[in-house]
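Here's a quick look at how charged side chains pair up in this model. Have the sequence and the 3D view open as you read.

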Amino acid sequence: MKRVITVTPNPAIDLSYHVAGITPGASHRVAAPLSRAGGKGLNVARVAHQLGHPVLALAPSGGAAGAEFAAELRSSGVPHRLVPVAAETRRSIALVDTVGGETSIFNEQGSPLQPSEWQALAAAVVEALDGQAAGVLVGSGSLPPGAPADFYPALVRLAHDAGIPAVVDTSGPGIIAAARAGADLLKPNNHELLEATGENSLEAAARQLIALGAKTVLVSAGAEGMLAFHHEAPGGYWCARLPEPLSGNPTGAGDAGVAAAAVALASGVSDIPTILRRATAWSAAAVLMPAAGEISPLYEDLENQLILSWKETL
């Protein structure tokens, strides 16, 4: 079984607070938060690792928060390699309203890395791709201020040089850059996709990314489920959804979908409807869990409930 390599350029300590109702402007007494090493790529690695797939998570780590980040990651058992940096690792706070059923997320921006530290992270990726163990390279998450503009395109090139697929899940100009580099799979949500492309419809936005060079675009579309666009299927797209939306904590649901797609690609699966079904089911199963980076054991039952359809375009 080939390994899923994940790269998280802007990791965070994820703090999840569960609150029995949130009143703006009021004081709330809460239990100690669930704290774990996070960031989108780390969440992808955690989910794949939970289900027994070989992974290696790469990320920079620095400062007192970085030491806490590294300690939790070691205790988690997720295979990883951290690149030491001077900048303090950021924090991300999720407030889960258990009464209102909504989650509010506060993400610190992150601190700039030095050019030598970016070079060290790139060297760690090259080393991880050396040999025959790697099956897919996943680049996930935001970039800290001052990051190289070609960070994600460079990951795509490194993956292709190693003869493996590249998966990118980011926002803003990074999506466009990764598409132009020929990413094998892009995984934005509906808001990220429309914002990055400037289009008014998800279909037009996804087709723009494919026209730029992306092979497949998976889009999380809220209550509509997940959509899959492929460069060899210009006449429409696939849609997968549950009969009824799930309530729970959506933090990390998209990352679980990326994990499913990455595991499929690393295993040699190329059928788009199969990848879409797994990604949708794992994403839904993540909603049932209290924190990002894990999915419910009900993921197979959820996959069996999915409604899969092909939408033709005019």
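D255 sits at 4% relative accessibility, so D255 counts as buried. Keep in mind that this is a predicted model. Who does D255 pair with? The side chain of D255 meets that of K40 in a salt bridge, at 2.8 Å from N to O. K40 has 27% relative accessibility, so K40 is classed as partly exposed.

That pair is one of a set: the structure holds 8 salt bridges.

| Pair | N to O distance |
|---|---|
| K40 and D255 | 2.8 Å |
| R91 and E68 | 3.6 Å |
| R277 and E303 | 4.0 Å |

R91 comes out at 30% relative accessibility, which makes R91 partly exposed. E68, at 37%, is partly exposed too.

Then there's R277 with E303, a salt bridge whose closest N and O atoms are 4.0 Å apart. R277 lies in helix α9 (residues 272-287) and E303 in helix α10 (residues 299-305), 26 residues apart. With 22% relative accessibility, R277 is partly exposed.

Back to K40: salt bridges with shared partners join K40, D169 and D255 into one network.

Terms used:
Residues numbered from 1 in each chain as written. Predicted model: local features only at pLDDT ≥ 70, side-chain atom pairs only at ≥ 80, totals over all residues. Heavy atoms only, no water. Buried < 20%, exposed > 50% of the residue type's maximum accessible area, 1.4 Å probe, protein only. Helix = DSSP H or I, 4+ residues; strand = E, 2+ residues; numbered from the N terminus.
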